[in-house]
Amino acid sequence: MTSTEDLTEIERAGRRCAVCHSARGWRRFDVVRPAAREPVVLCASCRARFGDDPPVGRPEAPAPEPAPAAPRKPRRRKRSAGEQRGEPRPDRLRAALREMPASFSTAMAAKAAGLNNAKTLARLEDLERRGEIWRDGNRWTTEEPSSDLSAALDRLQERTSNLRIIRERTPVG
């Protein structure tokens, strides 16, 4: 049972718990009168949590002196696109081309280098402009093109099993 003094304290607190400010079930609130402090209104859960010594109305203890902060590491600055890194990264496409057969497709080179097809095609065309690789139809090759046309046709015939090259005959007469 709640006494008249307790009801007066609950009304004075606005029918709210002094710790969690809950107004739910205000008829079951308890009033705690800690020694040398004002009465404190508590809900059932705050009463179970704090007992007879709620954190509200306690005399403030001196704040502990903060420990000195450890020195901070300097932040890494983001590099702009034009800045050089300390060590250049290895070219994955060139490394993959060393391991590839003499004739390869763009998709084969892309898969070996771990790049997408569009980027690999652009890089292969750049290497072609520099004279490091050559285009051989729809394929690429690391072999230098032969200047002799008949030798090139013979090589083509050797590499393909389902292709027969017919050369023009010179007219007799």
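A salt bridge here is a side-chain nitrogen of Lys or Arg within 4 Å of a carboxyl oxygen of Asp or Glu.

**Ground rules.** I am reading a predicted model, where local features need pLDDT of at least 70, side-chain atom pairs count only at pLDDT 80 or more, and totals for chains, interfaces and linings use all residues. Residues are numbered from 1 along each chain as its sequence is written, and side-chain values use heavy atoms, with hydrogens and water left out.

**Salt bridges.** I searched the whole structure and found 13 salt bridges.

**Around aspartate 126.** I saw that the side chains of arginine 130 and aspartate 126 form a salt bridge at 3.3 Å, N to O. The two are four residues apart in helix α5, so about one helical turn separates them. (Helices are DSSP runs of H or I with at least four residues, strands runs of E with at least two, numbered from the N terminus.) Arginine 129 also forms a salt bridge with aspartate 126, with the closest N and O atoms 3.6 Å apart.

I then looked up exposure (buried is under 20% relative accessible area, exposed over 50%, partly exposed in between, using a 1.4 Å probe and protein chains only). Arginine 130 is exposed at 52%, arginine 129 is exposed at 64%, and aspartate 126 is partly exposed at 23%.

**Glutamate 5 and arginine 33.** I noted another salt bridge between these side chains, at 4.0 Å, N to O. Glutamate 5 sits in helix α1 (residues 4-12) and arginine 33 in the loop between β1 (30-32) and β2 (40-42), so the pair ties together parts 28 residues apart in sequence. Glutamate 5 is exposed at 57%, and arginine 33 is partly exposed at 44%.
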